[in-house]
Amino acid sequence: MKTLLTATCLFVFVTAAAIAGGRTWTLDAVNGGEFKIPDNAGGKPSLLIFWATWCKPCKAELTTMKDTFDGLQKRGMNVLLVSEDNQKSMSRVKPFLDSKSFLGTGLHDPDGEVLKLYGGTSIPFTVLLDASGTPVYEHRGELKDPAELLTRANQLLESAGE
Amino acid sequence: MNRIVLFCCAILTCAFSVYAQLEDIELDGSNQLRFDNGREVDTRRAGMEYPDNTVARRFVENRLRLELFSGNFRLGGRYLYFRPSEADIDQFRLTDVNRFDKRYFEATFDPLQLRFGHFSDLWASGLALSLFENRDLYFDSELDGVRAQVNAGSIKVIGMSGRTAQGALVPEIKTTAGRIELSPGKEHIGFSYVYHDSLLNPEMSVAGVDWNFTRGMLNLYGERVWNEIMLAGGDAAGHATFVGVVISRWGWSMLAEYADYKYGRATQIQNPSTTFRDVGPRLLQGREKHVMNVPDEVGAQVELNGSLGENTYLTGHFNANSRHSEDDETIPLPTLEEKYRPYWELYANVDHSFTGSQELFVELGSNEEAANEWQERIWGQVRAKFPFRGNQEIEFEIEQLFITNKTRDDEKYHDMLYGVSWVPNAAVSLYLSAQLTDDEELKRREGDSWFSGEAAWNISGGKHRAILFYGRERGGLKCSNGVCRQVQAFSGVRFTLETSL
């Protein structure tokens with residue numbers, strides 16, 4: 001049965017692939033509603049910051065890089081703070097983000113689906129997407145020096161017509 | 001074997017044939033290698049003292065993930081190479097693995113999303129359905145099957161069917177589930193039905209409703225489920241409730257949550273929401289940690305978070321949990337009577353950033369747990385970080401934990417942790433730590449001192465990451481994603497390499 005399914009999938013994939021590239025996903029927003037890539041990206045580049053309330057280096061990164069992330073959001077980038085808290089600690093996400101007044105959008109990824117989609121195996125993990133949703137930069141571990149991220153982000157924002 | 005060959009062919013055929021036709025193809029992959037070489041405490045030698053109770057630990061795991069994206073399609077798989085340690089083979093009946101153990105195909109044509117293969121899922125507070133994998137804990141409840149989802153405006157419909165991977169911690173379970181979620185605006189209300197047919201446990205069905213409403217500074221959420229377990233002598237019914245409220249205003253938030261779980265028997269539900277803190281100071285994690293008893297537990301927690309100015313972040317927390325007492329009224333409440341295995345915790349912490357980027361974190365707390373042992377604990381934790389010479393950073397960490405063990409005639413003992421980390425540049429970090437205890441019982445089992453060093457290196461600007469650990473690591477309960485496993489004390493070398501392809 002599984003073999004048949006695999007073969008069917010293969011057939012469907014090979015014969016039907018004729019559409020523009022990119023990854024699509026939908027996550028619940030911390031403040032209600034949903035956020036979809038690429039629908040809600042508005043043709044702009046996006047920065048995904050994977051973190052969790054129980055992750056010490058993640059919170060350290062969010063605190064030290066707050067000005068950098070807020071600055072990119074102001075310049076037109078979608079800054080997405082993707083929480084990997086599962087349902088056990090999910091309720092702590094909104095209080096933390098509210099108290100820090102982040103400008104970016106908080107999202108819930110409780111079963112790590114989007115983290116896995118970009119090859120993340122641990123957090124903190126940072127991914128920069130271009131306007132089409134293709135990853136162009138990633139960083140594993142705590143981001144301490146934003147120089148390379150800013151260089152890539154500036155290129156994307158300039159090409160997006162800032 | 002045929003399936004592996006077919007899947008390899010599928011990956012290769014797809015890659016080449018689609019590359020030949022299209023430019024908009026994205027091939028992505030990552031790899032994680034983990035390697036241990038040393039000794040660990042062996043539970044089979046419980047009668048012996050440390051270090052005679054240890055056994056060699058050699059562990060290798062390599063996970064290669066490959067994915068192909070093209071427009072509305074996604075095809076992927078994971079190749080797992082796994083050599084478990086001797087103790088894990090004995091304790092968890094783990095076996096060697098060297099094959100594609102995951103494969104999936106996903107097609108999205110708005111409003112329909114269709115997925116075949118392995119997938120994880122979580123509905124609301126996880127009282128009805130919670131599927132995920134955690135390789136660290138050898139836990140895998142991901143389904144291998146089919147999942148279909150329709151997003152039609154404010155209505156979302158999900159259906160799925162499949163079976164979990166069989167393992168020492170997860171029996172094979174056939175699951176069929178459906179869900180309807182209505183989302184008018186930012187609110188949502190969902191209705192779920194899940195049917196589990198396990199080869200080891202009785203069949204069970206769960207029906208539930210969940211909600212999340214936000215109005216201004218108020219956020220109300222919760223879930224209520226009713227379960228029915230099919231037993232030979234007649235069906236048994238149970239229920240579970242989780243409700244919460246968050247009030248946010250002026251940079252401050254108050255959270256209050258209540259859980260009443262009375263499924264009645266061991267269920268397939270692994271990690272519903274908890275009304276206590278899962279991750280605390282490191283010393284506390286090594287001690288008897290509170291683990292929820294899903295079939296029978298009631299609890300509540302209150303937490304206050306907020307900022308004083310831009311540089312100071314405060315948290316205050318209290319929780320109480322126990323089994324249901326016989327005196328339960330209409331609304332069950334946790335009790336502190338020992339026979340109901342109570343757990344309570346009170347703590348407060350402050351996180352302050354000084355001008356000049358120095359940072360200080362201080363936490364004080366106390367808790368009491370009557371589980372395998374009955375312990376009262378008081379702890380203090382201080383971390384201070386100082387930047388220097390441009391981009392360099394040094395952080396000092398001290399934890400002190402004082403325990404009174406009522407099970408051992410109020411015996412008192414003291415755990416200590418001292419750590420220092422140095423970040424010479426953005427790519428490298430070094431961490432040295434020492435843990436000490438004067439607990440004679442622990443000294444007999446795994447010694448009274450644990451010294452270790454860890455170096456982490458971000459390669460190619462963070463695209464790859466290598467971590468090398470050497471020294472002694474204390475045993476204890478290791479929890480992740482809400483699932484806990486007793487990890488034995490380890491001494492030796494551990495290497496982890498994460499790479500992006």
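Trainee: How many residue pairs are in polar contact across the interface of chain B and chain A?

Mentor: The rule finds 16, with both residues of each pair at pLDDT 80 or more. Keep in mind that this is a predicted model.

Trainee: What makes A:E113 and B:R115 a salt bridge?

Mentor: The cut-off is 4 Å between a side-chain nitrogen of Lys or Arg and a carboxyl oxygen of Asp or Glu. Here the closest N and O atoms are 2.9 Å apart. That is within 4 Å, so the pair qualifies. Across the interface of chain B and chain A, the rule finds 6 salt bridges.

Trainee: How many residues of each chain are in contact, and how much area do the chains bury?

Mentor: On chain B, 86 residues are in contact with 60 residues of chain A. The two chains bury about 6,000 Å² between them, and 53% of that lies on carbon and sulfur atoms. B:E26, B:F73 and B:Y313 supply 9% of the area that chain B buries against chain A, more than any other three residues.

Trainee: Why is B:I247 called partly exposed?

Mentor: Its relative accessibility is 31%. Buried means under 20% and exposed means over 50%, so B:I247 falls in between. B:I247 is found in strand β16 (residues 236-249) of chain B.

Trainee: Which residues does B:I247 touch, leaving out those up to four places away in sequence?

Mentor: B:I247 touches B:M217, B:L218, B:W252, B:S253 and B:M254. As for B:T214, 33 residues away along the chain, its C-alpha atom is separated from that of B:I247 by 9.8 Å.

Trainee: Which residues of helix α2 (residues 56-64) of chain A are buried?

Mentor: They are A:C58, A:A60, A:E61 and A:L62. To be called buried, each must have under 20% relative accessible area.

Trainee: What covers the buried residues of α2(A)?

Mentor: The cover includes β3 (46-51), α3 (66-74), β4 (78-83), α4 (93-100) and β6 (125-129) of chain A. It also includes β22 (374-388) of chain B.

Trainee: What share of chain A counts as buried?

Mentor: Of its 162 residues, 58% count as buried. Chain A has 6 helices and 7 strands. Among its contacts between residues at least 6 apart in sequence, 68% join residues at least 24 apart.

Methods
Residues are numbered from 1 along each chain as its sequence is written. Chains are lettered from A and ligands numbered from 1 in the order in which they are written. This is a predicted model: local features need pLDDT of at least 70, side-chain atom pairs count only at pLDDT 80 or more; totals for chains, interfaces and linings use all residues. Side-chain values use heavy atoms; hydrogens and water are left out. Contact means heavy atoms within 4.5 Å. Buried area is the accessible area (1.4 Å probe) that two parts lose on being put together, summed over both. A polar contact is a pair of N or O atoms within 3.5 Å; within protein, one must be able to donate a hydrogen and the other to accept it, and residues adjacent in sequence count only if both atoms are side-chain atoms. Helices (H or I, at least four residues) and strands (E, at least two) are DSSP runs, numbered from the N terminus. Buried means under 20% relative accessible area, exposed over 50%, partly exposed in between (1.4 Å probe, protein chains only).
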